[in-house]
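Please look over the structure shown below before reading on.

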Amino acid sequence: MILTVTDFGVGSPYLGHMRSALNQSGADCEVIDLVADLPPYSVPAAAHFLASQVRYFPKGALFLVVIDPGVGSERLPLVLHADGQWFVGPDNGVLDVVAARAQQFQCYRINWNPSTLSATFHGRDLFAPVAARVVSQRLQKGELSRLEWHPEEGAAADLSQLIYIDHYGNGFSGIRASSVADDSTLLCCGERLNNARTYSDLPRGDNFWYENSVGLIEIAANQQNAERMLNFSIGTTVEILE
Amino acid sequence: MILTVTDFGVGSPYLGHMRSALNQSGADCEVIDLVADLPPYSVPAAAHFLASQVRYFPKGALFLVVIDPGVGSERLPLVLHADGQWFVGPDNGVLDVVAARAQQFQCYRINWNPSTLSATFHGRDLFAPVAARVVSQRLQKGELSRLEWHPEEGAAADLSQLIYIDHYGNGFSGIRASSVADDSTLLCCGERLNNARTYSDLPRGDNFWYENSVGLIEIAANQQNAERMLNFSIGTTVEILE
Amino acid sequence: MILTVTDFGVGSPYLGHMRSALNQSGADCEVIDLVADLPPYSVPAAAHFLASQVRYFPKGALFLVVIDPGVGSERLPLVLHADGQWFVGPDNGVLDVVAARAQQFQCYRINWNPSTLSATFHGRDLFAPVAARVVSQRLQKGELSRLEWHPEEGAAADLSQLIYIDHYGNGFSGIRASSVADDSTLLCCGERLNNARTYSDLPRGDNFWYENSVGLIEIAANQQNAERMLNFSIGTTVEILE
């Protein structure tokens, strides 16, 4: 299984080009677009989002992670093998939270070269062909080389900010709910928020926080758009008032 | 064939999680995202939208219907078998129009339980695994139980409101065109609208109503955005002036 | 491989209906949604966008091209075979740039008729079933007939306008970068723009032009939304100041 994780937007041709590259490179597995509307160029947000996802997917799954504002620069292209799953993407921090939280990982530099490499779309030209080769175990000796690589110091810690806002206007924070007591009060945009288990435990329009379906603290309102009610955005601070 | 019908938005991770759940649960068939931008939490709109779709899909098709504002509450999870097609979703009214218009149907309560059930994402944790088991006929005795269930009184009737607005700004009503004479005038947002067969029968920018490609009355304008011209929204009344 | 090229938007049911029609018509190949958010009804923009794509896809690929504001009118339905690839769509100009730039092409009129043809969705009712039959070579004698057809005079030339704006706010022009010197200055929205190779060659927020990943001149800014900075839109003129 290959899961695409991008800030490409949907409808745009970039996902189609990556899928075609996977297909033409012989990826003989299910390809699922896991998320395409991560906030543009926001590497820390994407890194925390990615780390929240991995436990919902099987061993052997490959995450093709293309949040790549430095495309065409000197940043390295990486393959990370962490706790039995694969990650292919740029060395810009987007893989650091996954690696820092993994029980074990190994990191590889991509030496494989495509016949043509555009300056601005390594997702299509480099990462997708490598992903296809990794899942079907067709990389030759030397096309990956073991790298002495470590995630940034402190990358395992939670991020006390909003990292993703969905279509309903709900805001995902980078805080794992397991680290916070259920009766904690949160502060976001000057509003104090209490916990609820699910939307319908509250009157319509009330805002609250809850442990979302990937284990993160999420700020929402019952059948209303919390983003517009509270006026939050990517990067807004979420504070835990004990 | 499994068809997802949701208000999840696109790009967001929810469709990806459902697809992964279908895959991991052994759904060995084509999965098509039929619609992902139904108006958030709007059960009556979704119910009428769904009912307009079914005749365009084959016998045996399964609709995985997740418009579920009451997720985590006491509402039952259902499997509906209506006129040879399957529907999996919550008992909140979203399946009522299909059932009320079917020649015959049987309804089942889902007793199957996942090993882990989040409070807010039964689409992934419950409905998708059950859908995979229904299409591949792998449910065990007792995992579904026959339910004495009836759609809400009057659910078969048309809904004289806008239920869906597409990317072009065209508004679908919940009124079946077969019940309305071709020379009828409609009233919407204070504007009187006449029928046309197709866009190009009119000058550019003219608004009109027509029988759309799923048999509903739709309000549109030739190569213009009718939503912005008329300022309509989900729930706007559409009146038939004979 | 079938690639859908549409102005349908994403999330909406139209792509799902086309995919279902392909499936029910026996298309036994990968289907990829190449682009779904082309500017609504904008045939020249779509024609230039399409022509920029073809060299990234293999011989034998079929492009199902549904930008069709004249649906239900007298415009012909076409199958174009150009340089080893297939194109199925309406005769409204959307295939003209591809044909005009091809080394060789043959054009066919579609005589095949579906059992039911809606007035407003030939993508589902006509073009998708024909596409499925073309890729699996199941068209009978007479269902296509050779047409003496030529693209519009001058269709091969570049279009000095913005033809597509992506999710990042980058604007694709209809100008092929191969025809412009690297040190050219461009004028767009009163702003003079210089070339850069990739985003990260510039300070954050600087705007520039570059040869994008499909060979077109694209106007962008490093980690900023150029559409909002420059206030451009589809059709905005891009001028080359030598």
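Helices (H or I, at least four residues) and strands (E, at least two) are DSSP runs, numbered from the N terminus. Axes are lines fitted to C-alpha atoms, for helices over the stretch in contact, and angles run from 0 to 180 degrees between N-to-C directions. This is a predicted model, in which local features need pLDDT of at least 70 and side-chain atom pairs count only at pLDDT 80 or more, whereas totals for chains, interfaces and linings use all residues. Residues are numbered from 1 along each chain as its sequence is written, while chains are lettered from A and ligands numbered from 1 in the order in which they are written.

**Helix packing in chain B**

- Helix H1 (residues 13-24) of chain B and helix H4 (residues 122-135) of chain B have axes that come within 8 Å and cross at roughly 40 degrees.
- H1(B) and H4(B) are therefore oblique to each other, given that angles under 35 degrees count as roughly parallel, over 145 as roughly antiparallel, 65 to 115 as roughly perpendicular and the rest as oblique.
- The crossing of H1(B) and H4(B) is right-handed, a term used if the near helix is turned clockwise from the far one by less than a right angle.
- On the H1(B) side, B:Tyr14, B:His17, B:Met18, B:Ala21 and B:Leu22 meet residues of H4(B), namely B:Gly123, B:Arg124, B:Ala128, B:Pro129, B:Ala131 and B:Ala132; two residues are in contact if their C-beta atoms, placed from the backbone, lie within 7 Å.
- By class, this contact of H1(B) with H4(B) holds 8 nonpolar, 2 polar and 1 charged residues, where Ala, Val, Leu, Ile, Met, Phe, Trp, Tyr, Cys and Pro count as nonpolar, Asp, Glu, Lys and Arg as charged, and the others, Gly among them, as polar.

- Strand E4 (residues 77-82) of chain B pairs with strand E5 (residues 85-90) of chain B in the antiparallel sense over 6 bridges, and B:His81 has B:Trp86 in E5(B) as its bridge partner.

**Strand pairing in chains A and C**

- In chain A, strand E4 (residues 77-82) and strand E6 (residues 105-110) pair in the antiparallel sense over 5 bridges, with A:Gln106 in E6(A) as the bridge partner of A:His81.
- E6(A) also pairs with strand E7 (residues 144-147) of chain A, in the antiparallel sense and over 4 bridges; here A:Arg146 in E7(A) is the bridge partner of A:Tyr108.
- Chain C has an open sheet of 3 strands in the order E11-E10-E14, with antiparallel pairing.
- Strand E11 (191-193) and strand E14 (239-241) of chain C stand at the edges of that sheet, each with a single partner strand, so one side of each is left without a neighbour in the sheet.
- Strand E10 (residues 185-188) of chain C is joined to E14(C) by 3 bridges, the two running antiparallel, and C:Glu239 in E14(C) is the bridge partner of C:Leu187.

**Chain contacts and symmetry**

- Between chains C and B, 24 residues of chain C are in contact with 25 residues of chain B.
- Helix H1 (residues 13-24) of chain C gives 7 residues, the largest share of the side of chain C that touches chain B, and by class this side has 9 nonpolar, 13 polar and 2 charged residues.
- Chain C can be laid on chain B with an RMSD of 0.0 Å by a turn of 120 degrees and a shift of 0.0 Å along the axis, the copies being superposed by least squares on the C-alpha atoms of residues with pLDDT of at least 70 in both.
- The two copies are thus related as by a three-fold rotation axis.
- C:Val10 comes closest to the rotation axis of the residues of chain C, at 4.0 Å (C-alpha).
- Only 8% of the interface residues of chain C are also interface residues in chain B, so the copies meet through different surfaces.

How values were computed
Pairing = 2+ DSSP bridges.
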